[in-house]
Amino acid sequence: MASKITITFPDGTKKEYKKGVTGEEIAKGISEGLFRKAVAVKINDEQRDLYLPINESCEFKVLTFNDEEGKDVFWHSTSHLMAQAILRVFPESKLTIGPVVENGFYYDIDHPPFHEEDLEKIEAEMKKIVKENHLVRRKEISVAEAKKLFKNNKYKVEMLKEIDKFQDEGSTGKKGVVSVYEQGEFIDLCRGPHLPRTEMIKAFKLTKIAGAYWRGDAKNKQLQRIYGVSFPDNKQLKEYLEMLEEAEKRNHKKIGEEMGLFAHFDLVGKGLPVWLPRGEIIRGEVESFAVETEREAGYQRVSTPHLAKKELFEKSGHLPYYEDSMYPPMKMDDGTYYLKAMNCPSHHLIFSFRPRSYREMPVRLSEYGTCYRNELSGTLNGLLRVRILRMNDAHIYCTKDQIEREVELVLKMIKQYFEVFGLKNYWLRLSLHDPSSKSKYIDEPDNWLYAEKILRKVLVKLKLEFVEKKDEAAFYGPKIDVQFKNVYGREETMSTVQLDFAAKSRFDLYYVDDSGQKNKDVFVIHRAPLSTHERFMAFLIEHYAGKFPLWLSPVQVKVLTIVDRHEVYADRVVETLRNKGLRVEKDYRSETMNKKIRDAQLEKVNYIVVVGDREAEKVTVNIRTRDGVIHGEKHLDKFVDELVGEVKQKK
Ligand SMILES: [Zn+2]
Ligand SMILES: [Zn+2]
């Protein structure tokens, strides 16, 4: 047997080591710094503990907190640290599971409700364990041994029974053998890997307590879920907590309520936001902008019913794959109907309503289409997860030769929108098919090859930042998604452009070519640059923190009087602004000027205008903005002209 193995590093360099070398030793050989930061290693595609011997030649990577996978190991290790502390402080509690979430970790514990003070106690105990600096070590034991070890915890015993069957959490891939992780007196069932030493968890914060059911089932016992987050140093924790605080200030639910943009009513139901007058203004402005942009780009608007016959969704292929996401069917005297969850099928019917000549291709049909999604009440979240959504939808029907230009035009439209809204930090994701998973994708290899090449070419040409994702395409074709990080640092999809090879045969789409023949090679592009009203509004509210630019702002100007006798002139100012299409409110209350200004600032009104004797006499206004900047006196006509210009430029 060879006593040497070859380790291949991520940059491609290879080095020989003696067989049985550990990840820790390799990291140390590279640098002391890397050794201290190392949380685990990746051997080929598998994450492993640092201190385990490596016996075969492999690809090798040291994971640190800066890698997504390293972060997960770090956070999951902190959930063990928290669990250990909980057992020390509350020995009667029973641990269940403690996975990683998007920003940190949680552990579900069977214990009476915890209080804020309890979190402080747990945190203090965690600090002690960090200082004690236990080694964290993996052990493989038999299921029978493990059952003995966890005999006082019915949850772990239940899991152990299933591990034999399903080889999940704690499984080692070996029949009847599970892995456990030990640190000091604490031992937990776990698949791993883990940080090698508790001292590495230098900074952490327990952020939230919530109720959760065992296995997510309301029929089971309610457990206590404690969330937390951790970092390798205090600076990163501080920055994260500051980001969170800032994000909370921008939260669309909070601002939406404060500014009176939208509301939810119990009597209407969950996930069904009601747009209040001020929110409806913003929604309307975004829609008008889209309608105008699409008109200039040669789109034709259509309007389709909110419900349609079952047969339509069968024809489109959405039933039965999509049935769970749709509302239950309605039986009527002439058949079964569904609320639509997508607009495409009706648009396809409009395209094939009459023969299309090659001269009119491409045909671009657009609609702010209302769709309904059957979401469980527990998953609903503000405007981000709703049961009704109005989509900035359009379907482009084009020939194969036209795909490239049409995709380019859509991407340019997206770019143009984002410039107007001042959105900069986005990137694109090109989702491709995987030729080896045949059943997952429509069987048109030439079209796949062609379309994927074209999409990539356009992205490169437009100099857009993008990543390629294999095996992530839709069944019917490749797609491009526009990705964002929201104020919480969470990645979200904003816009989408999808190519569709399947619609043509399902809906017998064709055009008549220049020799009078039917050509069935009609490609469909589904696109939604501005997402849905709901999602886009949530995003805009958080992006602007409620301080909307003038063209979107529900109240653009507020006119304030100093004393009663100024009302006549103030009315004239209001009238003049309104006649130019500006949204104006007045504040003639007999409050102090400071209070009136402050209230207008809190309402995030763009321009606050004060009028008194001097202004009335000279037909001027005294202007300040919501940021507290005083712009001084200006002639009324000049002010109006400037505002009209600002709205027009969408600045
Ligand atoms: Zn674990
Ligand atoms: Zn569609």
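In what order do the three strands of the open sheet containing β19, β20 and β21 stand? I looked up this predicted model, in which local features need pLDDT of at least 70, side-chain atom pairs count only at pLDDT 80 or more, and totals for chains, interfaces and linings use all residues. Residues are numbered from 1 along each chain as its sequence is written, and chains are lettered from A and ligands numbered from 1 in the order in which they are written.

**Three-stranded sheet**

I read the order as β19-β21-β20, with antiparallel pairing (strands pair if DSSP finds at least two bridges between them; strands are DSSP runs of E, at least two residues, and helices runs of H or I, at least four, numbered from the N terminus). β19 (307-309) and β20 (330-332) each have a single partner strand, so one side of each lacks a neighbour in the sheet. I noted an average twist of 35° from one strand to the next (axes are lines fitted to C-alpha atoms, for helices over the stretch in contact, with angles from 0 to 180 degrees between N-to-C directions). Three bridges join β19 to β21 (residues 335-339), and A308 stands opposite Y338 in β21.

**Five-stranded sheet**

I then traced an open, mixed sheet in the order β32-β31-β33-β34-β35. Its edge strands are β32 (584-587) and β35 (630-635). I found β33 (residues 607-611) and β34 (residues 620-625) antiparallel over four bridges, with V610 opposite N622 in β34.

I finally checked the helices. Helix α17 (residues 593-602) lies across β31 (557-561), β32 and β33, at about 170° to β31. Helix α19 (residues 636-649) touches β34 and β35, its direction making about 115° with that of β35 (contact: C-beta atoms, placed from the backbone, within 7 Å).

Conventions
Two residues are in contact if their C-beta atoms, placed from the backbone, lie within 7 Å.
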